[in-house]
Amino acid sequence: MDFLVVFLVLAASLWVAWTGVARIALLLFASAMVLTVALYLHHATETLPLSL
Amino acid sequence: MSIRLATKLNALALYAIAAVLVAAFYFQIALGELPCPLCLLQRVGFAALAIGPVLTLRHGPRPAHYGLVIIAALIGAGIAGRQTLLHIAPGDPGYGLALLGYHFYTWAFVCFAVAIAASAAMLVGEAQFEPPTTAVEPGLF
């Protein structure tokens, strides 16, 4: 679900960048990057099943 | 670098990004290589790489567009580097399939590094950022 939101924001950013105002596309890009970093930090704290 | 050449190179970059994402979906759907959360975040990074070239194609070349590519590539490289370091210990078989001897997260790191280098190279060509003017040819008088 959280990944779906990030991909949807990115898709909206690409669509606005192609059809609309560049400034709105920049805002959507920035929000997508903030969400990406938040997701990364969320998953960085998970215990990963390493193969060692 | 002329505006025309910069536009062509940005279009080529879009094709390259699309090819990477198509390859990722091919390995996922056809070969059953399911992505982990870090793999999905690297796909987010590749999709974010495309916003700069799209803006350049539709609104003309600007340094800020290459800055967006560098930001997206830095985030993507950080995520790919994290996954590479998770499997860097000797004897670790890595996660998923390998392509030409390297796993996909290693290739993703290389691609993001190439994107940063390409953006830096594009920023050197300043002529693309100048507004198009009809130059007056110098005459005799």
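Against which helices do the buried residues of helix 1 of chain A pack? In this predicted model, the partners come from both chains: helix 2 (22-44) of chain A, together with helix 2 (37-49) and helix 3 (51-59) of chain B.

Helix 1 of chain A comprises 18 residues, spanning positions 2-19. From its first C-alpha to its last it reaches 26 Å, close to the 26 Å expected at 1.5 Å a residue. The buried positions of this helix are A:Phe3, A:Val6, A:Val9, A:Leu10, A:Ser13, A:Val16 and A:Ala17. These residues lie on the same side of helix 1 because they cover an arc of only 160° around the axis. An α-helix has 3.6 residues a turn, so residues three or four places apart point the same way. The face turned away from the buried side carries the exposed residues A:Leu8 and A:Trp15.

The contact between the two chains involves 24 residues from chain A and 26 residues from chain B. About 2,400 Å² is buried between the chains, with 83% of this area on carbon and sulfur atoms. On the chain B side, B:Leu41, B:Val44 and B:Ile51 supply 23% of the area that chain B buries against chain A, more than any other three residues. Helix 2, helix 3 and helix 4 (63-86) of chain B each supply at least two residues of the side that touches chain A. Helix 2 of chain B gives the most to that side, with eight residues.

Note on methods
Residues are numbered from 1 along each chain as its sequence is written. Chains are lettered from A and ligands numbered from 1 in the order in which they are written. This is a predicted model: local features need pLDDT of at least 70, side-chain atom pairs count only at pLDDT 80 or more; totals for chains, interfaces and linings use all residues. Side-chain values use heavy atoms; hydrogens and water are left out. Helices (H or I, at least four residues) and strands (E, at least two) are DSSP runs, numbered from the N terminus. The expected span of a helix is 1.5 Å times one less than its number of residues. Buried means under 20% relative accessible area, exposed over 50%, partly exposed in between (1.4 Å probe, protein chains only). The arc is that of the directions from the helix axis to the C-beta atoms. Contact means heavy atoms within 4.5 Å. Buried area is the accessible area (1.4 Å probe) that two parts lose on being put together, summed over both.
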